[in-house]
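This briefing is meant to be read beside the structure.

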Amino acid sequence: MSRGTVIDLCYLVAAIGFILALKGLSSPKRARAGNLLAAGGMALAIGVTFAEPDLGHIDLILIAMVVGIAIGVPAARLVKMTAMPQMVAAFNGVGGGAAAVVSITEFIGADTKLVATYKVLEVVFGVLVGAVSFAGSALAFVKLQELMTTRPVTYPAQQLINAMVGLAALGIIVAILVTSSTALLWVLLALALVLGVIFVLPIGGADVPVLISLLNSFTGIAVAASGFTLNSNVLVVGGTLVGASGMLLTRMMSVAMGRSLPNILFSAFGSVITATGATEGPGGRSVRAGTPEDVGTLLAYSRKVVIVPGYGLAVAQAQHAAKELADALRARGVDVFYAIHPVAGRMPGHMNVLLAEANVPYEELKEMDDANPEMATADVALVVGANDTVNPSARNMPGSPIYGMPIIDADQAHNIVFLKRSMRPGFAGIDNDLLYDPKTTMLFGDAKDTLQKLVAAVNKA
Amino acid sequence: MTNGLLELFTIFVLSGFVGFEVISKVPSILHTPLMSGSNAIHGVILVGSMVVLGSAHTGPEEALGFIAVVLATLNVVGGFVVTDRMLNMFKPRQSAPASSGPAEPEVAEKPPADGGAA
């Protein structure tokens with residue numbers, strides 16, 4: 001066998017690794033092995049690339065890799081689990097950026113006069129999608145990190161301006177196809193970056209996770225386009241796998257939120273809310289605030305307690321305190337489980353990851369569909385830092401922006417206890433009637449603090 | 001359309017179907033790790049970045065190739081490390097707290113805590 005054949009076979013093995021890795025990630029038991037398999041496939045693909053016959057600048061390649069590792073490993077290791085979504089956004093963005101740069105560089109290096117039109121098309125596509133993914137992910141990072149408002153950003157004639165930029169990009173693409181001009185490719189890159197930003201600006205914070213999944217899929221497609229340009233099978237396989245599975249995952253997430261993808265992307269969800277929220281206003285209605293002691297006693301003498309965690313729990317790093325409370329209650333013979341909304345936290349499955357970090361056994365986490373039938377028999381629904389995912393207006397208020405989103409039926413429990421920092425509305429920016437329900441007790445304050453007080457109260461009761 | 005292009009296109013189409021099929025049964029609990037894991041997989045652009053830098057002839061090409069390798073390396077290592085950290089928390093537990101009942105939770109949960117620390 002020639003060296004080229006061996007290299008290609010190794011790429012094939014790597015591609016199989018990627019496929020089996022995605023398969024492994026579908027089960028909690030095999031997920032970790034799946035990830036290691038993907039990493040192994042990646043190591044093989046990278047290692048064998050060094051054996052490519054015409055590969056020069058090996059010193060530069062190694063230096064660049066060391067730089068990437070020196071930044072990437074500490075960043076990935078030190079980031080808090082709560083900040084995971086923006087980290088995924090960041091690592092996705094750099095991938096899209098790399099794909100765009102690869103396509104540009106290949107275009108510059110080639111003798112453009114001799115390049116076939118379909119080759120130029122591949123380059124243009126890789127640059128466009130990669131740059132949109134890069135800029136979009138960067139802005140998603142900024143939003144999730146709350147460096148800017150998480151509300152949708154709107155401006156006059158937004159749709160029109162966006163359409164104009166899109167059309168301009170299309171015009172440039174046609175011009176590049178005709179002229180093969182490098183200068184125009186840079187213009188396209190700039191336009192694509194602008195497109196990425198204006199694409200993400202009107203998307204509200206609550207929808208950003210779905211957006212990241214979509215951008216992840218985009219990056220996959222950009223990588224596949226680079227694979228076409230470079231005639232690389234492994235790039236096409238890897239990129240397309242992510243592109244296709246990412247699309248499906250994005251769809252699953254929008255379904256979990258009860259909304260269609262176009263609705264999420266183009267409706268500027270949240271901007272309407274300020275208008276409707278103002279007319280109702282929380283002003284006139286009163287809530288019942290309780291003390292940790294009262295609630296502790298209530299919990300201690302309950303038969304069944306359901307903990308409904310939300311992003312507030314994550315922010316307060318209260319997952320360990322929540323587990324302590326659950327343990328204390330269980331020691332008294334109370335039936336306790338966690339009801340997990342599919343989009344609790346900032347990403348689907350985010351809450352599961354956080355609770356797993358606190359060593360909460362997998363078996364105690366119930367997904368929404370399993371938890372809801374049990375809510376009517378629960379003595380207490382303890383809502384820790386969640387809001388939108390238990391808002392009954394999703395069920396009974398057709399005008400509400402979250403109408404149709406499946407929720408945890410906390411309102412059906414005999415008692416509802418909200419642990420919240422304030423009366424501020426949730427991420428979606430809408431008022432929650434459940435807070436004013438006569439069955440509801442509010443415990444204001446930091447979730448971790450309050451939970452620890454509850455543990456003390458339960459132990460005394 | 002050349003045969004080479006057709007070959008790549010075939011791979012592209014089939015990979016698309018495989019990508020749809022393999023994740024169609026993922027429980028929502030694993031959506032975040034899956035997103036993160038597939039995020040690491042598109043880091044395979046590192047292979048392309050290496051090839052581009054490795055065949056660079058001019059200064060600008062070298063500079064761009066260098067940037068591409070740095071970005072792609074970030075994507076690969078960051079993606080895998082983050083995913084591994086997430087999945088590390090889904091470690092199977094030796095005891096079965098669900099079946100041992102609520103009577104003795106303290107006893108049931110000690111061993112996995114030790115196992116996790118080891």
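Which residues in helix 1 of chain A meet which residues in helix 2 of chain A? The model is a predicted one, and in it the helix 1 side consists of Ile7(A), Cys10(A), Tyr11(A), Val13(A), Ala14(A), Gly17(A), Phe18(A), Leu20(A), Ala21(A), Lys23(A) and Gly24(A). Facing them from helix 2 of chain A are Ala31(A), Ala33(A), Gly34(A), Asn35(A), Leu37(A), Ala38(A), Gly40(A), Gly41(A), Met42(A), Leu44(A), Ala45(A) and Val48(A).

**Helix 1 and helix 2 of chain A**

- The residues of this contact divide by class into 16 nonpolar, six polar and one charged.
- Helix 1 (residues 3-24) and helix 2 (residues 31-49) of chain A pack with their axes 8 Å apart, at an angle of about 160 degrees.
- Angles over 145 degrees count as roughly antiparallel, and helix 1 and helix 2 of chain A are therefore roughly antiparallel to each other.
- The crossing in which helix 1 of chain A passes helix 2 of chain A is left-handed.

**Helix 4 and helix 5 of chain A**

- Further along chain A, the axes of helix 4 (residues 84-109) and helix 5 (residues 117-144) come within 7 Å and cross at roughly 155 degrees, which makes helix 4 of chain A roughly antiparallel to helix 5 of chain A.
- The crossing of helix 4 and helix 5 of chain A is left-handed, and their contact comprises 15 nonpolar, ten polar and one charged residues.

**Domains of chain A**

- The domain assignment divides chain A into domain 1 (1-71), domain 2 (83-269) and domain 3 (285-460).
- Taken over C-alpha atoms, the centres of domain 2 and domain 3 of chain A are separated by 37 Å.

**Contact between chain A and chain B**

- Across the two chains, 84 residues of chain B are in contact with 104 residues of chain A.
- On the side of chain B that touches chain A, the elements that give two or more residues are helix 1 (3-22), helix 2 (31-41), helix 3, helix 4 (59-88), helix 5 (97-100) and helix 6 of chain B.
- Helix 4 of chain B gives the most to that side, with 27 residues, and by class the residues of the side of chain B that touches chain A are 51 nonpolar, 27 polar and six charged.
- Helix 2 of chain A passes helix 4 of chain B in a crossing that is left-handed.
- In this pairing, Ala31(A), Arg32(A), Asn35(A), Ala39(A) and Met42(A) of helix 2 of chain A meet Val76(B), Phe80(B), Thr83(B), Asp84(B), Leu87(B) and Asn88(B) of helix 4 of chain B, and the contact has six nonpolar, three polar and two charged residues.

**Confidence**

- The model as a whole scores ipTM 0.79 and pTM 0.77.
- Chain A has a mean pLDDT of 87, with 93% of its residues reaching 70 or more; its confidence is highest in helix 3 (residues 58-78), at 95, and lowest in helix 11 (residues 271-280), at a mean of 38.
- Over residues 269-283 of chain A the pLDDT is below 50, and this stretch has 26 contacts in the model beyond near neighbours in sequence.
- Chain B averages a pLDDT of 78, and 74% of its residues score at least 70; among its elements, helix 3 (residues 45-54) has the highest mean pLDDT (96) and helix 6 (residues 105-117) the lowest (37).
- Over residues 93-118 of chain B the pLDDT is below 50, and this stretch has 27 contacts in the model beyond near neighbours in sequence.
- Where pLDDT is low, the predicted coordinates should not be read in detail.

Note on methods
Residues numbered from 1 in each chain as written. Chains lettered and ligands numbered in written order. Predicted model: local features only at pLDDT ≥ 70, side-chain atom pairs only at ≥ 80, totals over all residues. Axes fitted to C-alpha atoms, helices over the stretch in contact; angles between N-to-C directions. Helix = DSSP H or I, 4+ residues; strand = E, 2+ residues; numbered from the N terminus. Parallel < 35°, antiparallel > 145°, perpendicular 65-115°, else oblique. Left-handed = near helix turned anticlockwise from the far one by under 90°. Nonpolar A, V, L, I, M, F, W, Y, C, P; charged D, E, K, R; others polar. Domains from an automatic or database assignment. pLDDT = per-residue confidence, 0-100. Contact = placed C-beta atoms within 7 Å.
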